Amino acid sequence: MSVRRLAPDHVQPGSFAFDAANENWADREIAKYPAGRQASAVIPLLWKAQEQHDGWVPRAAIEAVARKLDMAPMRVMEIATFYTMFNLQPVGEHFIQLCGTTPCALRGAEAIRKVCEEVIGPQSTVTADGKLSWLEVECLGACCNAPMAQINFDYYEDLTPENFRALLDDLRHGRPTKPGPQNGRSCSEPLGGGQTLKDAALYDGTVIGAGDWQARIADQRKAAAEAAAAKAAAEAAAKAAEATPAAVEAKPATETAAAGRPKPSEAGQPSGAAQDTPAANGRVAVAAVKESAKPADAQSAIPTPAAKVATAPAIAESKPQLLTAARDGKPDDLSLIWGVGPKLATMLNGMGVWHFDQIAGWKAEELAWVDARLTGFKGRATRDDWISQAKKLSTGWRPDSALGDKPVK
Ligand code: FES
């Protein structure tokens, strides 16, 4: 650690004042703190003073900061002399802080120090051309790339007397330099690149006896892709069947939707295919949503399709009042309704639904109309009881979670 003393009187300027831009900046810094706590801005102001005064803090700047912050000059002096980030002596255009702590010392910092003394002179002196000055400092936290030096705001690491001498020459003559390791390695890697964790067996699971997990995942992905393709084909077939009203009328609703109905193992999936059966007059019979989610043994107890058509609760559809745009350009966040994600919210906006109070005011037939048009999510509005949710939300109540409040069934 170097001695922390103010520069001798003959180099001290007679006065110091922030320029207009820095004065404004200082006022804004001070305003960040509560009244009576302006002294908290002392370090930023000292830093700005150092920046304005060619990289060092003269006595006059310490006094100016004290006046600005209504502090005793000695308090500001204590701070300026305590923190080594403040230079109390003039520095060169390229200010070199050479680490002299143990790891750097063991790796040759002493030889780098000798280069500094030869090329620049004693520490805390500036070369005649004003280009270079140096100071020995404590560990700068780059020990794994020792020896190293910080030059202005950059680290230069893996120094040798040769590459450091060349570096100083480049700086002095304004040639570009490359911060970081000077021996060609990347960051703190070994020279020539990584030397460990190169065995491919480390990554295929054999070391921990996980077998061929990559093949297992590939199989799972393939099976999922096949299932998705089969489901898409079934849905396409169901849609084609629906496109022929006569054919639809001839079939019970449950049968028409059978192809798109999730398997019992997919009970958590949207079960709306059965609700998408248009009648010839444009109104649709909507069967109970929960039917398709029943397990196989329960299905066996279900009445025959013909009987089901006779007994299934059917809700006529009615188009609700829709809007061409959100009122005052301020739509409600429909994703606060449990079960409504960004995709469904966009779909609802596309239909003309923008506000909670619109949904809250729907009757069962209007809910059914919307439900039948939630492509890919049919039945969701009924299943998640959007009307009750929207009624609560339209009062201004908000759920704890951004996903909404799961309705209790
Ligand atoms: S000892 Fe030099 S950077 Fe840590």
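Select Trp338 to begin: this residue is partly exposed, with a relative accessible area of 27%. Here buried means under 20% relative accessible area, exposed over 50%, and partly exposed in between, with a 1.4 Å probe and protein chains only. The model is predicted, so local features need pLDDT of at least 70 and side-chain atom pairs count only at pLDDT 80 or more, while totals for chains, interfaces and linings use all residues. Residues are numbered from 1 along each chain as its sequence is written, and side-chain values use heavy atoms, with hydrogens and water left out.

Trp338 lies in the loop between helix H12 (305–311) and helix H13 (342–351); helices (H or I, at least four residues) and strands (E, at least two) are DSSP runs, numbered from the N terminus. Then show the contacts of Trp338 (heavy atoms within 4.5 Å). Not counting residues up to four places away in sequence, Trp338 touches Asp384, Trp386, Gln389, Leu403, Gly404, Asp405, Lys406 and Pro407.

Move on to Trp397 and Lys392. The charged end of Lys392 sits over the ring of Trp397, 4.1 Å from its centre. The criterion is that NZ of Lys or CZ of Arg is within 6 Å of the ring centre and within 35 degrees of the ring normal. Now select Trp25, where Lys48 lies over the face of the ring at 4.6 Å from the ring centre.

The aromatic pairs come next, and the structure holds three of them. Phe16 and Phe18 form one that is edge-to-face, 5.4 Å centre to centre with 80 degrees between the planes. Rings of Phe, Tyr and Trp (its six-membered ring) pair if their centres lie within 6.5 Å; planes under 30 degrees apart count as stacked, over 60 as edge-to-face and the rest as tilted. Both Phe16 and Phe18 are buried. Another edge-to-face pair joins Phe82 and Tyr83, at 4.9 Å centre to centre and 90 degrees between the planes. Phe82 is exposed, with a relative accessible area of 62%, whereas Tyr83 is partly exposed at 34%.

Finish with the cysteines. The count of disulfides is zero, a disulfide being a pair of cysteine sulfur atoms within 2.5 Å. Select Cys144: its nearest cysteine sulfur, that of Cys143, is 6.8 Å away, and Cys144 is exposed, with a relative accessible area of 53%. For Cys187, the nearest cysteine sulfur is that of Cys144, 9.5 Å away; Cys187 is exposed, with a relative accessible area of 57%.
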